[in-house]
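Subject: Structure handover

Dear colleague,

Please find the structure below, followed by notes on what was found in it.

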Amino acid sequence: MNRNRWHMTLRPLRWGLLGLLLLALGCHDEGLLPPEPTGGALFARYVAIGNSITAGYQSGGINATLQQQAYPVLLARAMGTPFNLPLLRDPGCPPPLVNILTGERLGGLPEDFCAYRQVPPPRIINNVAVPGAKVIDVLTNLGEGTSANTLTLLLLGGRTQLEATAEAHPTFVSVWIGNNDVLGAAIAGNPALITPVNAFQQRYTQMLNELQAMGVQGGLLIGVANVTVIPHFSPGIAYAQAEQAGAFPPTFDVADNCATTGATALVPFSYAFGELLAAAMQGQSVTLDCVNDPRLLSPDETATLVQTVQQYNAFIQQQADRLGWAYLDPNVKLLELKNQGQIPIFPNVNSSEPFGPYFSLDGVHPSSAAHRLVAQEAAAAINAVYGTNLQVQ
């Protein structure tokens with residue numbers, strides 16, 4: 001429709017009002033006039049980068065309910081800044097676990113069920129985290145070593161986290177990435193799967209360089225968690241004691257070495273319960289061998305994982321110092337909770353909180369209570385560097 005036709009069909013007053021309306025709608029759509037953040041201009045546009053924890057994944061699943069309980073949502077609320085989420089429909093993709101022994105999921109649905117995205121999706125996304133992501137996945141979805149998956153497509157439309165971040169024009173970012181660079185190796189009992197420290201550093205540096213090129217004014221870097229401390233892993237002796245207490249069926253044998261030479265070997269819950277016990281419940285005879293089973297972490301392998309995490313975190317803290325950004329070491333609080341007995345040595349499968357109050361039903365991902373703790377610790381770290389007064393309720 002040409003300009004002359006518009007002139008013929010609209011009186012000048014109507015044209016003026018329409019122009020004002022279109023201008024207002026355009027400003028709202030482009031986010032040119034967002035609400036003034038209570039934390040100041042630094043937090044005008046906040047983006048969270050990360051993996052499953054940052055995305056809100058709990059109990060082996062993710063949905064809109066869980067996404068809205070994640071720590072960056074609580075942090076954004078304290079900042080008083082808009083924070084759009086790529087919400088997944090309930091019951092989830094996949095639905096979270098409701099029973100760790102039977103594997104039952106919310107709604108009685110299978111593990112491969114996916115409820116997909118809520119519509120319409122927000123044009124700008126502030127939480128760009130993707131479950132399963134390693135550092136490399138922030139940079140690219142293609143090539144060897146990437147972990148791009150269905151949720152990469154559903155949450156980000158196939159974009160990388162950096163591409164989605166750039167579209168939000170962030171003034172402040174939080175970055176919690178790197179846990180999966182060691183977690184998969186720990187669960188598999190294979191340190192060879194750890195991302196080498198030099199590769200980790202190179203990729204992390206590239207990520208930070210690209211964020212700086214976007215004009216980010218400030219940020220929070222969160223270190224990698226010591227995955228050997230999470231309740232998904234229990235020492236061999238705990239399994240020996242559970243067998244003595246009659247916790248397992250007769251078809252589930254715990255080798256004597258779990259109480260002696262293999263007492264400190266770390267046993268993944270997903271292997272001991274998810275595979276061995278599941279087979280035993282079907283009548284198969286199985287044995288948990290704490291010395292010879294390659295799926296377990298020996299003391300030397302555990303030491304390798306811990307040392308790698310320490311090297312990762314020393315580098316991350318150096319980068320935060322170089323940029324003048326805040327840094328948070330999650331292992332301080334993690335070890336504190338472990339020492340207080342809040343993280344159990346062995347899961348209480350008869351409890352509604354088998355892995356304690358701060359871990360969800362997979363023993364890997366933090367519970368909603370833990371997300372609140374993380375948000376509070378993150379706010380304190382930001383306040384200490386930037387002189388702000390963020391308060392997470």
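Tyr-116 is in the loop between α5 and α6; helices here are DSSP runs of H or I with at least four residues, strands are runs of E with at least two, and both are numbered from the N terminus. Although Tyr-116 is not a glycine, its phi is positive, at about 65 degrees.

Two notes on how to read the rest. Residues are numbered from 1 along each chain as its sequence is written, and the model is a predicted one, in which local features need pLDDT of at least 70 and side-chain atom pairs count only at pLDDT 80 or more, while totals for chains, interfaces and linings use all residues. Side-chain values use heavy atoms, with hydrogens and water left out.

Cis peptide bonds

The loop between α5 (71-79) and α6 (135-139) also holds Pro-91. The peptide bond from Asp-90 to Pro-91 is cis, with omega near 10 degrees. Pro-94 is found in the loop between α5 and α6 as well, and a cis peptide bond joins Cys-93 to Pro-94, with omega about -5 degrees.

His-169

A positive phi also occurs at His-169, a residue other than glycine, where the value is near 50 degrees. His-169 sits in the loop between α8 (161-168) and β2 (172-176). Is His-169 buried or exposed? His-169 counts as exposed because its relative accessible area is 53%; the cut-offs are under 20% for buried, over 50% for exposed and in between for partly exposed, with a 1.4 Å probe and protein chains only.

β2 is mostly covered, as 5 of its 5 residues are buried. Phe-172, Ser-174 and Trp-176 point one way from β2, and Val-173 and Val-175 point the other way. Strands are taken to pair if DSSP finds at least two bridges between them. β2 pairs with strand β1 (residues 46-50) in the parallel sense over 5 bridges, and with strand β3 (residues 218-222), also in the parallel sense, over 4 bridges. Val-173 in β2 stands opposite Val-47, and the bridge partner of Val-173 in β3 is Gly-219.

Thr-302

Thr-302 is placed in helix α13 (residues 299-323). Thr-302 counts as buried because its relative accessibility is 15%. Leaving aside residues up to four places away in sequence, Thr-302 touches Thr-228, Leu-266 and Leu-297, where contact means heavy atoms within 4.5 Å.

Regards
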